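Subject: Structure for you to look at

Hello,

Here is the structure I said I would pass on. Please open it first, then read the notes below next to it.

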Amino acid sequence: MYPNLFSVPEWVPILGGEPITSFGVMMLLSFVVGGYILKLEFVRIGEDAEKAWDIVLMAVIGGIVGARLYYVFLNYPRFAADPLGMLLARGGMVWYGGFLGATALVVWRIRKSGLPLARTVDAAAPGLALAYAVGRIGCFLVGDDYGRPTDSWVGIAFPRGIPPTHADTMAERFGITIDPAMIEKYGEILPVHPTQLYETAMSTLIFLLLWSLRRGRHPAGWLFMTWLALAGVERFVVEIFRAKDDRFFGVLTLAQVISIGLVAVGAWWMIRLRKDGKGRVAG
């Protein structure tokens, strides 16, 4: 686990002494990877490749703002106690909030640029999957968004995680019942499911599938809806293993409820586009 890669030299104005986190680097890399894939697709379909980076910029701004606002929503009591501290904290980035914020700004930018919306989001779909896979590696490196305790061979302990995988911390913060046998075997720092790597693996597979499908003759918008449905399935599955404190809907987490909605929307539009048979484009 490598939360900090290095620190900015003290002589650098303003940022001197500040750590460069692995999460920040991987998040930056995820946007670069997504933008590069989108640029390749723009070249393939005959659109202005440079507009890809305009869209990525909107995704960065909307993603960061949306992720932070969603985090505030989930942790409103802490926000009310220290609003400025929470808004300026390094942590507190929730993917679904980032997705909603980025979507709003990206759609606005696509419309303003005069690009065809459906074909543009289709071009973005493979890059979205791969960017998400890269970003989750950052979560793994800082020890965030991990899973429940496990005694299996896949288990990884995060002694400096956010928070550490300490038995008492997971019991108090996530309401997880800890098997005393695990504490006896491993001590207070327990191995957990590395759900960040599960997501990286599944999202990479989704990317490979979308990449192989992108040249087919599909209704415009169909590839994006395929990604939306598959991303919802992926997140629903991984939430089963996640250590979470937002199970507001019985056994389901808030992310699982949203995932069900994304799968439903994606699948419905996929079927509708196929039935209508309109807007077919050459891959």
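Does S203 count as buried or exposed? The model is a predicted one, and in it S203 has a relative accessibility of 3%. Buried means under 20% relative accessible area, so S203 counts as buried.

To find S203, go to helix α9, which covers residues 195-213. If neighbours within four places in sequence are left aside, S203 is in contact with A129, Y132, A133 and E234. E234 belongs to α10 and is among the residues of that helix that meet α9.

**α9 and α10**

The axes of α9 and α10 come within 10 Å and cross at roughly 160 degrees. Angles over 145 degrees count as roughly antiparallel, and α9 is therefore roughly antiparallel to α10. The crossing of these two helices is right-handed. By class, the residues of this contact are 12 nonpolar, 3 polar and 3 charged. On the α9 side they are T195, Y198, E199, M202, S203, I206, L209, L210 and L213. On the α10 side they are W222, L223, T226, W227, L230, A231, E234, R235 and V238.

**α10 and α11**

Helix α10 (residues 222-239) also pairs with helix α11 (residues 254-276), and their axes come within 8 Å. How do α10 and α11 run relative to each other? The axes cross at roughly 155 degrees, so α10 and α11 are roughly antiparallel to each other. Here the crossing is left-handed. The contact of α10 with α11 has 15 nonpolar, 5 polar and 3 charged residues.

**α7**

Helix α7 spans residues 167-174, and A167, M170 and F174 in this helix are buried. Why do these three lie on the same side of α7? They cover an arc of only 80 degrees around the axis, which puts them on the same side of the helix. What do the buried residues of α7 pack against? They pack against α8 (180-186) and β4 (191-192). Just after α7 comes G175, which takes a positive phi of about 65 degrees.

The buried residues of α7 can be looked at separately, together with α8 and β4.

Regards

Key
Residues are numbered from 1 along each chain as its sequence is written. This is a predicted model: local features need pLDDT of at least 70, side-chain atom pairs count only at pLDDT 80 or more; totals for chains, interfaces and linings use all residues. Side-chain values use heavy atoms; hydrogens and water are left out. Axes are lines fitted to C-alpha atoms, for helices over the stretch in contact, and angles run from 0 to 180 degrees between N-to-C directions. Helices (H or I, at least four residues) and strands (E, at least two) are DSSP runs, numbered from the N terminus. Angles under 35 degrees count as roughly parallel, over 145 as roughly antiparallel, 65 to 115 as roughly perpendicular and the rest as oblique. A crossing is left-handed if the near helix is turned anticlockwise from the far one by less than a right angle, and right-handed if clockwise. Ala, Val, Leu, Ile, Met, Phe, Trp, Tyr, Cys and Pro count as nonpolar, Asp, Glu, Lys and Arg as charged, and the others, Gly among them, as polar. Buried means under 20% relative accessible area, exposed over 50%, partly exposed in between (1.4 Å probe, protein chains only). The arc is that of the directions from the helix axis to the C-beta atoms. Contact means heavy atoms within 4.5 Å.
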